[in-house]
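Subject: Handover of a structure and notes on its features

Dear colleague,

Please find below the structure that I am handing over to you. My notes follow it, and I would ask you to read them with the structure open.

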Amino acid sequence: MLEDELKKQYLDLLAEKYDSEEKVATEIINLESILELPKGTEHFVSDLHGEFHAFQHVLRNGSGNVKSKILDIFGYRIPEDEINELIALVYYPEDKLKMIKNAFKTRDERYEWYERTIPQLLEIITYTSSKYTRSKLRKALPQQYVFIIEELLYKSNKYNNKNSYYSNIMHQIIKLNQADKLIISLANTIQRLVVDHLHVVGDIYDRGPHPDKIMDTLIDYHSVDIQWGNHDVLWMGAFSGSKVCLANLLRICARYDNLDIIEDTYGINLRPLLTLAEKHYNDNPAFRPKKHPEKTPSESERLQITKIHQAIAMIQFKLEAPIIKRRPEFEMDERLVLDRVDYDRKTLNINGKDYQLLNTCFTTIDPNDPTKLLPEEEEVMNHLLTSIQESEKLRRHVDFLMKKGNLYLRYNGNLLIHGCIPVDESGEMEGMEIDGKFLAGRALIDAFEEHVRLAYDHIDVEDDISTDLVWYLWTGKYSSLFGKRAMTTFERYFIEEKETHKETKNPYYHLREHEDMVKKMLEEFEMDPNQGRIINGHTPVKERDGENPIKANGKMLVIDGGFSKAYQSTTGIAGYTLLYNSFGMQLVAHQEFNSKENVLQTGEDELSIRRIVDKELERKLIRDTNKGEALQKEIEMLKALMSYRYMK
């Protein structure tokens with residue numbers, strides 16, 4: 001009875017919007033027709049790691065989709081140099097316009113170029129919008145020029161009555177100095193139309209210099225979702241009250257010489273941390289920052305960063321211990337490294353063998369109570385946590401991650417997940433105890449996400465199970481984001497022998513090569529094992545060594561190919577992206593993004609070969625997608641309204 005009453009109330013509310021039989025019928029006709037349109041193009045990117053310029057280029061060119069559309073239209077109609085000019089104009093309209101206009105010698109040349117180029121851009125819009133409704137296209141157009149663009153897009157001169165009308169529109173656009181603004185708007189519209197929806201499969205933050213610019217771009221993007229990566233969760237955890245997450249992200253920023261993200265971008269005052277570092281630490285080769293892609297610090301700046309790096313690393317190691325001790329279910333006792341160091345001999349015993357510790361910086365450690373923070377360390381962390389949580393810009397970015405993000409997503413038959421689904425060597429789902437209940441597989445990952453959201457909802461609480469679990473996602477052996485048995489940060493800093501640096505991966509990472517295993521994991525998430533795929537990021541694909549990103553007979557796609565410059569020497573490329581349109585899937589490998597200037601001069605993309613993952617036997621329609629499922633439900637309610645109100 002309650003369900004019937006709620007349905008009646010909903011239909012009454014719906015009737016306020018559709019207050020006549022004709023309006024209901026029109027909307028049903030509209031939605032039923034939309035179901036028969038081809039599905040839009042999905043664009044998948046992963047492991048951006050602050051590399052804003054490379055990401056922005058991939059977004060502007062739609063992983064080569066823009067160029068391919070321009071070639072489809074003009075490949076045999078205009079010269080190659082004009083095609084390249086058009087490509088660069090669509091990618092970077094403001095910059096390319098300046099270059100082109102500087103080359104004009106006369107006003108007539110400029111007018112002639114405008115009269116040729118604007119119709120070309122309109123033709124690209126006509127082509128790229130051919131599978132959209134007019135209503136959807138109108139929403140994508142720049143509102144200040146909607147009337148002009150629609151008149152030119154849909155012009156009809158069958159009876160030769162509008163020659164002067166259309167000519168005068170073009171003439172007035174140029175005469176009133178609106179041509180440049182219109183061209184920029186048309187180029188941006190083309191970029192938007194070639195991709196219907198963007199998936200970011202994790203790791204926006206850390207290593208690269210501009211994660212904030214990536215976040216600002218995503219906030220303004222027309223349609224996007226995010227699958228949280230381990231580095232994203234680190235920043236979310238810091239904002240949610242985890243001091244150990246905060247120490248980790250500060251350490252990584254120091255390591256990659258990106259502390260200006262903290263200070264200049266998010267407005268966090270690092271002076272108290274620097275004062276602490278200057279007091280207790282000296283130069284140390286193990287803690288000198290890595291080379292930054294965009295700047296070269298002075299010797300004094302490098303020394304300051306080195307000292308900060310040591311200070312925050314030691315605070316991090318201290319902060320880990322209380323969590324490990326109060327959460328035995330995390331099974332992390334072996335990571336109580338400070339408790340196991342022999343401070344007289346400066347050695348650490350690992351699996352029965354003593355290893356000499358080098359480049360140590362233990363000046364703030366009391367050997368009798370090695371994990372206890374100094375009062376000044378505690379004061380610094382309290383200050384930093386308050387500053388992080390009071391940063392309006394970071395709040396906006398974390399709010400967006402929470403709103404648009406999840407640990408995994410089931411979308412149009414595919415499972416998107418950044419890291420892994422923890423399994424044992426036999427392929428059985430691995431798990432752990434949370435709140436007294438053993439969880440594995442999908443149930444475990446659902447619980448992780450629930451606690452991430454609980455920690456975010458209670459940012460004033462620092463040591464509850466939810467906040468501890470956010471840190472566990474960064475480093476725990478059953479974490480779906482970390483995907484390894486232990487994080488050996490301490491050993492990498494202080495022990496020379498590389499066998500101690502090894503971080504053993506979860507068996508997921510070799511079992512995902514097998515089709516039967518991938519199908520089993522799809523079934524765990526209640527997905528069609530025959531039609532579905534898993535799309536992963538997190539682990540760079542070493543294409544240089546012959547590793548194939550297409551695994552398990554096409555059921556598993558790994559699209560972390562090295563956006564981060566730190567990985568490109570290993571992977572041999574600069575990232576993979578994935579396109580999924582109504583005809584099927586294509587994997588695109590990217591060469592290193594050298595410069596926008598090169599694109600402006602040549603119109604060339606930093607792309608290597610596209611690989612067809614598969615072709616659809618039948619072209620996929622909106623009816624076959626998540627969006628189609630939602631539209632079907634709307635149609636059912638509208639038909640119920642028709643029956644309830646207008647067909648009694």
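Predicted model: local features only at pLDDT ≥ 70, side-chain atom pairs only at ≥ 80, totals over all residues.

β8 and β9 run antiparallel and are joined by four bridges. Along this pairing, Tyr408 stands opposite Ile417 in β9, and Tyr411 stands opposite Asn414 in β9. The two strands form a hairpin with two residues between them, and in the turn Asn412 has a positive phi of about 50°.

On to the next pairing: strand β9 (residues 414–417) and strand β12 (residues 533–536) run parallel, and four bridges join them. Leu415 has Ile534 as its bridge partner in β12, while the partner of Leu416 in β12 is Ile535.

Is β9 covered on its faces or open? Both of its faces are covered, with Asn414 and Leu416 buried on one side and Leu415 and Ile417 buried on the other.

Two bridges pair β4 with strand β5 (residues 347–350) in the antiparallel sense. In β5, Leu348 is the bridge partner of Val341.

Turning to helix packing, helix α5 (residues 80–91) packs against helix α6 (residues 93–103) at an angle of about 135°, and their axes are 6 Å apart. Angles over 145 degrees would count as roughly antiparallel and those from 65 to 115 as roughly perpendicular; α5 and α6 are therefore oblique to each other. On the α5 side, the contact is made by Glu85, Ala88, Leu89, Val90 and Tyr91, and on the α6 side by Pro93, Lys96, Leu97 and Ile100. Of the residues in this contact, seven are nonpolar, none is polar and two are charged.

How many of the residues of helix α13 are buried? In helix α13 (residues 230–239), 10 of its 10 residues are buried, and the helix is described as mostly covered. Among the buried residues are His231, Asp232, Trp235 and Phe239. Just after α13, Gly241 takes a positive phi of about 110°.

Gln389 is found in helix α19 (residues 375–390). Although 149 residues separate Gln389 and Ser240 in sequence, their C-alpha atoms are 7.8 Å apart in space. Beyond residues up to four places away in sequence, Gln389 touches Ala238, Phe239, Ser240, Gly241, Arg395 and Ile459. A polar atom of the Gln389 side chain lies 3.0 Å from the backbone oxygen of Phe239. Is Gln389 buried or exposed? Buried means under 20% relative accessible area; Gln389 has 17%, and so Gln389 is buried.

Asn61 is found in helix α3 (residues 52–61). Its relative accessibility is 1%, so Asn61 counts as buried. The side chain of Asn61 has a polar atom that lies 2.7 Å from the backbone nitrogen of Ser63.

Asp257, by contrast, is found in a loop, the one between α14 (243–255) and α15 (259–265). With a relative accessible area of 4%, Asp257 is buried. Which residues is Asp257 in contact with, leaving aside its neighbours within four places in sequence? They are Pro289, Lys290, His292, Lys295, Pro297 and Ile305.

With kind regards,

A colleague

Definitions and conventions:
Residues numbered from 1 in each chain as written. Heavy atoms only, no water. Pairing = 2+ DSSP bridges. Axes fitted to C-alpha atoms, helices over the stretch in contact; angles between N-to-C directions. Parallel < 35°, antiparallel > 145°, perpendicular 65-115°, else oblique. Contact = heavy atoms within 4.5 Å. Nonpolar A, V, L, I, M, F, W, Y, C, P; charged D, E, K, R; others polar. Buried < 20%, exposed > 50% of the residue type's maximum accessible area, 1.4 Å probe, protein only. Polar contact = N/O pair within 3.5 Å; in protein donor to acceptor, adjacent residues only side chain to side chain.
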